[in-house]
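Q: Could you walk me through this one before I set anything up? I'd like to start with the overall fold and then go into the details.

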Amino acid sequence: MSLRASSTAAARTPDFAFLSGKGADPTGKSRIAFARYKGEAENALLTAGFPAVYIFRPAYIYPVEPRTEPNFGYRLLRAIYPVFRVLFPSQVIRADDLARVMVDVAVQGAKERRASIFETRISGALVE
């Protein structure tokens with residue numbers, strides 16, 4: 001989408017919620033492509049003219065629906081998720097909880113109508 005197209009969309013859309021990821025680098029200096037690309041996308045949204053942009057940066061999204069995990073790392077994370085949820089509740093979130101939070105924030109807004117980045121305590125602060 002061009003900057004002109006995104007500015008036009010921003011004029012018609014009151015708020016925007018974006019699923020980014022833990023480690024996103026808005027400076028564009030990261031050696032990790034994922035971090036650079038997510039940071040570039042965040043920057044583009046923040047300058048597109050939306051009244052409010054809500055950026056969500058979860059570390060791990062637990063897939064609620066059964067699925068075949070693509071590799072060992074994902075199988076391991078799925079297996080130890082219950083322990084991570086207790087030990088690191090601000091770093092993990094269920095997919096359905098994240099979806100609910102993103103829709104609620106995009107529709108109702110956050111406490112302040114500006115750019116907000118939700119990097120930790122996504123589920124605890126907004127779902128419960």
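Q: First, what share of the contacts with a separation of 6 or more comes from residues 24 or more positions apart?
A: In this predicted model, residues 24 or more positions apart account for 69% of the contacts in the protein chain that have a separation of 6 or more.

Q: And how many helices and strands are there?
A: The protein chain has five helices and five strands, and along the sequence they follow the pattern α-β-α-β-β-α-β-α-β-α. Of the 128 residues in the chain, 32% are buried.

Q: OK, the sheet next: what is the strand order?
A: The order is S1-S2-S5 in an open sheet of three strands, with parallel pairing. S1 (15-19) and S5 (116-118) are at the edges and have a single partner strand each, so one side of each has no neighbour in the sheet. From one strand to the next, the twist averages 15 degrees.

Q: How many bridges hold S1 and S2 together?
A: S1 and S2 are paired in the parallel sense over five bridges, while three bridges join S2 (residues 52-56) to S5, again running parallel.

Q: Which residue in S2 is the bridge partner of Phe18?
A: That partner is Ile55, and Ile55 also stands opposite Ile117 in S5.

Q: Is S2 mostly covered or mostly open?
A: S2 is mostly covered, with five of its five residues buried. In a regular strand the side chains alternate between the two faces of the sheet. In S2, Ala52, Tyr54 and Phe56 are buried on one side, and Val53 and Ile55 are buried on the other, so both faces are covered.

Q: What lies across S1 and S2?
A: Helix H2 (residues 33-46) lies across S1 and S2 and runs at about 180 degrees to S1. What covers the buried residues of H2 includes S1 and S2.

Q: Which residues of H2 are buried, then?
A: The buried residues in H2 are Ala35, Gly39, Glu42 and Leu45. Seen down the axis of H2, these residues fall within an arc of 125 degrees, so they line one face of the helix.

Q: How far apart are the end C-alpha atoms of H2?
A: They are 20 Å apart, which agrees with the 20 Å that its 14 residues should span at 1.5 Å a residue.

Q: Switching to H4, what does that helix reach from its first C-alpha to its last?
A: Helix H4 (residues 95-108) has 14 residues and reaches 20 Å, close to the 20 Å expected at 1.5 Å a residue. Its buried residues are Asp97, Leu98, Val101, Met102 and Val105. They cover an arc of only 130 degrees around the axis, which puts them on the same side of H4.

Q: What about the face turned away from that buried side?
A: That face of H4 carries the exposed residues Val103, Val107 and Gln108. Just after H4, Gly109 takes a positive phi of about 80 degrees.

Q: Last topic: which residues make up the largest nonpolar core?
A: That core has nine residues in all, namely Ala52, Tyr54, Phe56, Ile93, Leu98, Val101, Met102, Val105 and Phe118. S2 and H4 are the elements that give two or more residues to this core, and the largest share, four residues, comes from H4.

Q: Which residues does the second core include?
A: The second core is separate and has six residues, including Leu45, Ala48, Phe50 and Ile55. Leu45 is one of the buried residues in H2, and Ile55 is one of the buried residues of S2.

Definitions and conventions
Residues are numbered from 1 along each chain as its sequence is written. This is a predicted model: local features need pLDDT of at least 70, side-chain atom pairs count only at pLDDT 80 or more; totals for chains, interfaces and linings use all residues. Side-chain values use heavy atoms; hydrogens and water are left out. The expected span of a helix is 1.5 Å times one less than its number of residues. Buried means under 20% relative accessible area, exposed over 50%, partly exposed in between (1.4 Å probe, protein chains only). The arc is that of the directions from the helix axis to the C-beta atoms. Two strands pair if DSSP finds at least two bridges between them. Axes are lines fitted to C-alpha atoms, for helices over the stretch in contact, and angles run from 0 to 180 degrees between N-to-C directions. Contact means heavy atoms within 4.5 Å. A nonpolar core is a set of buried Ala, Val, Leu, Ile, Met, Phe, Trp, Tyr and Cys residues joined through side-chain atoms within 4.5 Å.
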